[in-house]
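Hi,

Here is the structure I promised you. Have a look at it first, then read my notes below.

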Amino acid sequence: FEYIYKYVFIYVHSPHKYNYNMIGRNEQSSAMKDAIKANHSSFIAITGRRRVGKTYLIRQVFEKNICFSMTGIQNATLQTQINHFIQKLKEHHKNKLSVGKIINWQEAFILLKKHLQSLPKKKKQVIFIDELPWLATAKSGFVQLLAHLWNDYLSKENHFILVVCGSATSWIKEKIINDKGGFHNRVNLPLHLEPFTLAETKEFLLSKNIQFTDTGIAEIYMAMGGLPYYLDQIKRGESPTKAIERLCFSKTGILKNEYSNLYKALFSQWENHEAIVKALASKQSGMTRDELIKKSKVSAGGPFTRTIQDLIQSGFVSENIPFGRNKRGVVYRLIDEYTVFYFKFIKGNEKKETAIWQQISNTQAYKIWKGYSFETLCMKHVNEIKTALGIKAVYTETSSYRNIGTKTEQGFQIDLIIDRKDAAINLCECKFYESNFEISKKYAQDIKNRKANFQIATGTKKMLINTFISNENIVQNAHALEVVDSFVHLSELMK
């Protein structure tokens, strides 16, 4: 089990045994392993959105070293949280811990310190506080007392590791990692977990002996993202369409009602967060700040700024500056796959028969959704696209471009722009098709016009390269040879 610190092990249950497979998280688990070897105490704060696997990673790496762990209870009273804390302390204490009624966190932390002082110093002892934001309710004093425990005792020893995590990434960053009070500069190992990439998603599904086509994997990814918890619910033997149908539309599907608690579990002012994501879901190409404030009805100023930053830091929304614009031209886009899918297809169909998905998946609306969602998928895999193009080492900046047009001139849009330091720009077309794509004479002319108009509108002197990214191949005809400068196949994003 020496490798247990290098990987997250995902198990697949079979009638006879558990099979362990190694899926990513190498950088984080290696850093956590180093903390065990260090000759000083470490303070680790782990962030990442709900269902991304933070708790699983922590328990796999630190399983043999955890001397106390507890998870905050959502929307629980102060006394309920304290009672739970004491119960977990009793479970971890080797000798029977007999205590009277504890009514505040100060008394609870005194007992925790006594427990920690009784532990051997020859091995690293891990204190794990999960869903910290749920514990640190207003005026409870929990965060201040935890900071005092670290500053007054844990940091002065060399055999402790304090690990805190929570799905509310912005809260952890503000209150712990970037705190100006008791935790100021105390976290020596901040770690962040992103959802799986396409390559990791494919590896994960193969570890469960699920062999979808690359297009099938992309469809699953576009519906629920690369979240291990969601992906782990897919069963061997079902097609991507059937998996989505069961998970999102059946009475027992875990994603049918996931939205109702997704934002409530993360944010105290969740009404604003839901208002913004609902507004963004109505326009997949994104909105400016003014458009979003008007549509969401979230108050401009502090309320909007705090809410949008929460959503960006937690990975639900992206903040994109269009090519050639400054910060004032930023466009916000909803990039959480499940939330987009929920508003597009699940919402309003909750009470309908499961078979409704068979009808939806054959509609033009579904095909249009796949086109927009594939753009988001490509935006999230720019590094893989750069590798496929052979420009991995070149410094680049990514953006998009939208020209509204005039009464006399037709507008145009570019899905993804890769602006390179080597005096070149890739103008990317992201296309998701059911079969090989054939470029017509008209479409080829549109591509040529777009390239020329972009050069005129932006005044760029860089070489412009038309790059196509697709799940299917492009038919090699005269028009394709004329306008396709480079091509990236979906399979290259999964290597």
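In which order do the three strands of the open sheet lie? The order is β8-β10-β9, with antiparallel pairing. (Strands are DSSP runs of E with at least two residues, helices are runs of H or I with at least four, and both are numbered from the N terminus; two strands pair if DSSP finds at least two bridges between them.) β8 (287–288) and β9 (317–320) are at the edges with a single partner strand each, so one side of each has no neighbour in the sheet. Two bridges join β8 to β10 (residues 331–334), and M287 has Y332 as its bridge partner in β10.

Before you go on: this is a predicted model, where local features need pLDDT of at least 70 and side-chain atom pairs pLDDT 80 or more, while totals for chains, interfaces and linings use all residues. Residues are numbered from 1 along each chain as its sequence is written, and side-chain values use heavy atoms, without hydrogens and water.

Now the side chains. There are 23 salt bridges (a side-chain nitrogen of Lys or Arg within 4 Å of a carboxyl oxygen of Asp or Glu). One of them joins E258 and R51, at 3.1 Å from N to O. These two sit 207 residues apart, E258 in the loop between α11 (240–249) and α12, R51 in the loop between β3 (42–47) and α2 (54–62).

The aromatic pairs number 37 (ring centres of Phe, Tyr or Trp, for Trp the six-membered ring, within 6.5 Å; planes under 30 degrees apart are stacked, over 60 edge-to-face, the rest tilted). Y259 and F343 have ring centres 5.1 Å apart and planes at 75°, so they are edge-to-face. Y259 is in helix α12 (residues 259–262) and F343 in helix α16 (residues 337–346), 84 residues apart.

Cheers
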